[in-house]
Amino acid sequence: MSDAIRSRLEFMEFGTAQREALRTTRPAVRAIIGKALDRFYSRAQRTPHTAKFFDSPAHMAKAKAAQEKHWERVVEGDYGPTYLASTPRIGATHARIGLEPRWYVGSYALVVEELVAGVARRTPFWKRLVGLWNPGATHDATIALVKAALLDMELSLSVYFEEAQASRDAAVTHLDEALASLAEGDLTRRLSGMPESFAALEDSYNGALAKVRK
């Protein structure tokens, strides 16, 4: 486990006992996650801001399958190299395509709601009975699940913001170079190499440049 992850777990007080409680949710999460993701993707299809990121049902099915595998890693609770290779990739992808954090956080709200409710429903009867005298004992798994989800969200968003800043820096550099050429009277230097989320700016600049050349 990396020092960066260890420091996060220590700050969250997400210790060994809670991560063990998290692992007890694995059978329930495997049974629930498909339905939870179906709810999110159904909402995504009905929301113009998110529907545009999926070009076909096959694309959405592929994204769902990747998310199912990722959630299995989340509830493993070991947060080793395999997990750390998955989470940054999600954040980087969201930054590259321009998905705003509000939609990412909103998707988590839907998925975590389904997972928490589903894990509670699948808690054995005897544990629920014990919970009448010791409510905290029945909440351990839920607390661990929420902490795991928040950790995963924070890691992904951290990468998102780093990638988004790198994308902005690259866009500024390309635009600065194109404008410098324009200031020197060069009307042939098109704007190119802009990050995907700045494609509209690239098209607008090149369109304006073409009109000036006429």
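Q: Helices are DSSP runs of H or I with at least four residues, numbered from the N terminus. In this predicted model, where is the place of Glu13?
A: Let's start with the surroundings of Glu13. Its relative accessible area is 64%, and exposed means over 50%, so Glu13 is exposed. Its place is the loop between α1 and α2.

Q: Phi of Glu13 is a positive value in a residue other than glycine, but near what angle is it?
A: Most residues other than glycine have a negative phi. Glu13 has a positive one. The value for its phi is near 55°.

Q: Which loop holds Tyr79?
A: Tyr79 also has a positive phi, near 55°, although it is not glycine. Tyr79 is found in the loop between α5 and α6.

Q: How do the planes of Phe14 and Tyr79 sit in their aromatic pair: stacked, edge-to-face or tilted?
A: The whole structure has seven aromatic pairs, and Phe14 with Tyr79 is one of them. Their ring centres lie 6.3 Å apart, with 50° between the planes. Planes under 30 degrees apart count as stacked and over 60 as edge-to-face, so this pair falls among the rest and is called tilted.

Q: How many residues apart in sequence are the parts tied together by Phe14 and Tyr79?
A: Both residues of this pair are buried. Phe14 belongs to the loop between α1 (3-12) and α2 (16-23), while Tyr79 belongs to the loop between α5 (57-74) and α6 (81-97). The pair therefore ties together parts whose separation in sequence is 65 residues.

Q: Which three residues form one aromatic cluster?
A: Tyr79 has another aromatic pair, with Tyr83, at 5.1 Å centre to centre. The planes of Tyr79 and Tyr83 are 65° apart, which makes the pair edge-to-face. Tyr83 counts as buried because its relative accessibility is 1%. The cluster consists of Phe14, Tyr79 and Tyr83.

Q: Arg19 is buried yet has no salt bridge, so how far away is the nearest side chain of opposite charge?
A: Arg19 sits in helix α2. Not counting residues up to four places away in sequence, Arg19 touches Met1, Leu9, Phe14, Gly77 and Tyr79. A salt bridge needs a nitrogen and an oxygen within 4 Å. For Arg19, the nearest side chain of opposite charge is Asp78, at a distance of 8.0 Å.

Q: How far apart in space are Ala149 and Tyr108, C-alpha to C-alpha?
A: Ala149 lies in helix α9 and counts as buried, because its relative accessibility is 3%. Leaving aside neighbours within four places in sequence, Ala149 is in contact with Trp71, Tyr108 and Val112. Although Ala149 and Tyr108 are 41 residues apart in sequence, their distance in space is 7.9 Å.

Q: Arg6 and Asp3 meet in a salt bridge, but what is its N to O distance?
A: Side chains of opposite charge can pair when their charged atoms come close. Arg6 and Asp3 are three residues apart in helix α1, so about one helical turn separates them. Arg6 is partly exposed, with a relative accessible area of 34%, and Asp3 is exposed, at 62%. From N to O, their salt bridge spans 3.0 Å.

Q: Which three residues do salt bridges that share partners join into one network?
A: The whole structure has nine salt bridges. One of them joins Arg39 in helix α3 to Glu113 in helix α7 at 3.2 Å, N to O, across 74 residues. Another joins Arg39 to Glu114 at 2.9 Å, N to O, across 75 residues. The network is made of Arg39, Glu113 and Glu114.

Methods
Residues are numbered from 1 along each chain as its sequence is written. This is a predicted model: local features need pLDDT of at least 70, side-chain atom pairs count only at pLDDT 80 or more; totals for chains, interfaces and linings use all residues. Side-chain values use heavy atoms; hydrogens and water are left out. Rings of Phe, Tyr and Trp (its six-membered ring) pair if their centres lie within 6.5 Å; planes under 30 degrees apart count as stacked, over 60 as edge-to-face and the rest as tilted. Helices (H or I, at least four residues) and strands (E, at least two) are DSSP runs, numbered from the N terminus. Buried means under 20% relative accessible area, exposed over 50%, partly exposed in between (1.4 Å probe, protein chains only). Lys and Arg count as positive and Asp and Glu as negative; His and the chain ends are not counted. Contact means heavy atoms within 4.5 Å.
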